[in-house]
Amino acid sequence: MANSASSPVRLLYDVRVRAVLYQVVAVALVLGIGLYLFGTVSRKLAEQNIATGFDYLSRPAGFVISQSFISYDSGNTYGRAILVGLLNTIWVSVFAVILSTVLGLVVGIARLSRNPLLSTLALLYVEALRNVPLLLYLFLWYALIVAVFPPVREAWQILPDVFLSNGGLIMPSIRWSAAHTGVLASATIGIVLAFVVAAFMRRHRVASGHARAAWPFVLAALFVPPLIGFLLFQPDLVVNWPEKGRFRITGGLQVTPEFTALLVGLGLSASAGIAEIVRAGILSVGRGQWEAARSVGLHDRQTMRLVVLPQALRVIIPPLTSSYLSTFKNSSLAIAIGYPDLVMVSNTTMNQTGQAIEGIAIFMLVYLGMSIAISMLMNWYNARVALVER
Amino acid sequence: MANLTDTAILGTAPRERPPQGESNGFKLLKPYIGTPFNAVMTFACLWLIYRMVAGAWGWLVTRAIVEGGPQTCKAAAGAGACWPFLAAKLRFMVFGFYPYDEHWRPALAVLLFLGAMIVSMIPRFWSQRLLWLWLTVVVACGVLMYGGLFGLSVVNTTSWGGLPLSFMLSSVGLAFGFVLGVLLALARSSKLPAIQVIAVVFIEMVRGVPLVSILFMASVMLPLFMPDGVTIDKLLRAQVAIIIFAGAYIAETVRGGLQAVPKGQHEAAAALGLGYWLSMRKIVLPQALKIVIPPLVNIFIGFFQDTTLVTIIGLLDFLDTVRSAMRDPAWQGIAVLEGYVFAALVYAVFSYGMGSYSRFIERRLKTDHSHGRSG
């Protein structure tokens, strides 16, 4: 037997040998295709005289971007332009996520209302948003903004120095400087500190059983760092007043119609999904939990906050994560209405330099990295709220 | 009489009125005006519904412009719906730049396609024969659209557009994406680490980036991948992108189904002497796929809506032909809302129909399951 088992044909029937063989073949196939594609692409690029590599990132971009949070003009490099695009993507995604969460929570609870009118209206809202493509809504909101608001020359002045037109909402702003960034950083520290203090006080209360008013400490943690930062950096409070010229309004902070349309489109369509997620989460908490909470004397709002929501969150968090992720990815539709996000800036870059592969590689890697980061963050949070089984 | 004894006992106590039963009318109204907050909500909802219905009625009917041309609609300045726009542009919006005299061909293709879809939605017809039906329908639709056979004139893919294109992109994307997705799901749940890693990397990479970026990649990079002399059609590039995208998402759904099949089924198949492929084909996949039909339908709805993104790389899908109709110089800026509302209705009717079907199948599968348990 040993003789036949070691013969090459016999060896092929060994499960372990086969497993290794299959894997070798699969890896070889993938590597082969990859090498072949790489070879074809580099040969073709050489034929068409297209430069390769990422040197272009340090060359001046030469195009303007309508909205940027860091100083940028057409003399800056392509690399900086792409960074501006990325910041714009993050900016609109963050606001859209907040908007969709708030709306989704409200609509999700309205869907569960005992009032049939209210729950039907909420259902109508969800269905109307879910059954129509996001891109159509983006076009529609953008068209409505342009149609409803007057042209810039006849801008409505809704408050002194606040103008509303189809060129966007323009309001006074503070001229930003490094000192302001310092104050902002210390305010962020304050917020984090407030959370830490609150968590600490809670732990202390649970451990000792003594209830002590926590709010003065939390408030102090919240406001002392920005105050120190303010005194330390002494930022100038120069207001950048918008000035109404003949054709356009210059200066001030501008909320562009592209941004608004994208924000509203992303926020609304994600809110429909979140409403369903919230509804399913609350429904997943059994009736017995409500009854038990009532029998220990909690009233409705306490029951919701202390008993139902913590349990519903376990069901809600995983799908909520994917909803946030798709909002972030859907922000790439910005290119359709001209909001200068990562994809749109990269697209302009690709058109100017002709280096399409590098451009696509950059924005795909950025999206991939951000997606992985967001899902890791949410997984960490999910692990924290998950049921600890004994 | 029982009443007598009751009164005898309670005789000394002051007589209490029996608890007043809620009248039927109040019971009916309770959900609406049970609490002050609820009453306020009810009135707010009623007001909102009134405003919506009255607004829609006024725009669509009473203030609508029924006859005339662009000038009549322009004079009305958007006070009411401009029906002449829809009448004049309907065929363009549905069929795009497809030669006008040949419109019956895409129309027939769409009908064939819808027919095949309705047939395959009925559980009674679920069998392998469906595969042949779809193969026939896809080939027939292709011949109808492209022509070149049976005396049909050739129509290049560059003039395809409108609703047939949207249907085609999403259904072909789903069909091929399904095959790719099942293979990927099997690879990802395989015991062989190298194959598993390849599948995981592919799936997560595709799911981690937006569809727009995959469309860009397909439209820019696919031509570079091809050997010399092979050009690849713009429509085909978008189709490949959608298939890749669909494959990754379907793979994750199917994997959920595969995980739901009890281990005993694998073991029983192995005990019968079935090899990997045979046990997958005959035992595991039929059960796994049945579970994932409702989520697959939802994915399909998503792809049908996502095909609108191909307009970003310059294909003329339904949303794009509607927008082109609105940009027609004669109608420029006149019928913006009309066009979008029409497009939204078409998408909504289709998506809502598919969504209801998905819920129906879910209910049906659920009852099947509970029967199996109790019986």
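Two residues are taken to be in contact if their C-beta atoms, placed from the backbone, lie within 7 Å. By this criterion, residues 24 or more positions apart account for 67% of the contacts in chain B with a separation of 6 or more. The structure is a predicted model, in which local features need pLDDT of at least 70 and side-chain atom pairs count only at pLDDT 80 or more, while totals for chains, interfaces and linings use all residues. Residues are numbered from 1 along each chain as its sequence is written, and chains are lettered from A and ligands numbered from 1 in the order in which they are written.

Chain B contains 16 helices and 0 strands, where helices (H or I, at least four residues) and strands (E, at least two) are DSSP runs numbered from the N terminus. Of the 375 residues in chain B, 32% are buried. A residue is termed buried if 20 or more other C-beta atoms lie within 10 Å of its own, exposed if 12 or fewer, and partly exposed in between, with C-beta atoms placed from the backbone.

Helix α14 of chain B (residues 293–306) comprises 14 residues and reaches 20 Å from its first C-alpha to its last, close to the 20 Å expected at 1.5 Å a residue. The expected span is 1.5 Å times one less than the number of residues in the helix. Because 11 of the 14 residues of α14(B) are buried, this helix is largely enclosed by the rest of the structure. Among the buried residues of α14(B) are B:I293, B:L296, B:F300 and B:F304, together with B:Q305 and B:D306. B:P294, also located in helix α14 of chain B, is buried, with 20 other C-beta atoms within 10 Å. B:P294 touches B:S358, B:I361 and B:E362, not counting residues up to four places away in sequence. The C-alpha atoms of B:P294 and B:G80 are separated by 40 Å, the two residues being 214 residues apart along the chain.

A further position in chain B, B:S324, lies in helix α15 (residues 318–327). B:S324 is partly exposed, with 19 other C-beta atoms within 10 Å. Its C-alpha atom is separated by 25 Å from that of B:C141, 183 residues apart along the chain.

The contact between the chains takes 42 residues from chain A and 40 residues from chain B. On the side of chain A that touches chain B, the elements giving two or more residues are α3 (15–47), α5 (116–130), α6 (134–148), α11 (300–330), α12 (334–337) and α14 (356–385) of chain A. The largest share of this side, 10 residues, comes from α3(A). By residue class, the side of chain A that touches chain B divides into 31 nonpolar, 7 polar and 4 charged residues; Ala, Val, Leu, Ile, Met, Phe, Trp, Tyr, Cys and Pro count as nonpolar, Asp, Glu, Lys and Arg as charged, and the others, Gly among them, as polar.

Helix α5(A) has 15 residues and reaches 21 Å from its first C-alpha to its last, close to the expected 21 Å. The buried residues of α5(A) are A:L118, A:L121, A:A122, A:V126, A:L129 and A:R130. Seen down the axis of α5(A), these residues fall within an arc of 160°, so they line one face of the helix; the arc is that of the directions from the helix axis to the C-beta atoms. On the other side of α5(A), A:P116 and A:L124 are exposed. The buried residues of α5(A) pack against α4 (78–111) and α9 (257–284) of chain A together with α3 (36–62) of chain B.

Chain A also contains strands β1 (residues 156–159) and β2, which pair in the antiparallel sense over 3 bridges; pairing requires that DSSP find at least two bridges between two strands. β1(A) and β2(A) form a hairpin with 2 residues between them, and A:D161 in the turn has a positive phi of about 65°. Opposite A:L164 in β2(A) stands A:W156, whereas A:L159 stands opposite A:V162. β2(A) also pairs with strand β3 (residues 168–171) in the antiparallel sense over 3 bridges, and A:L169 in β3(A) is the bridge partner of A:L164.
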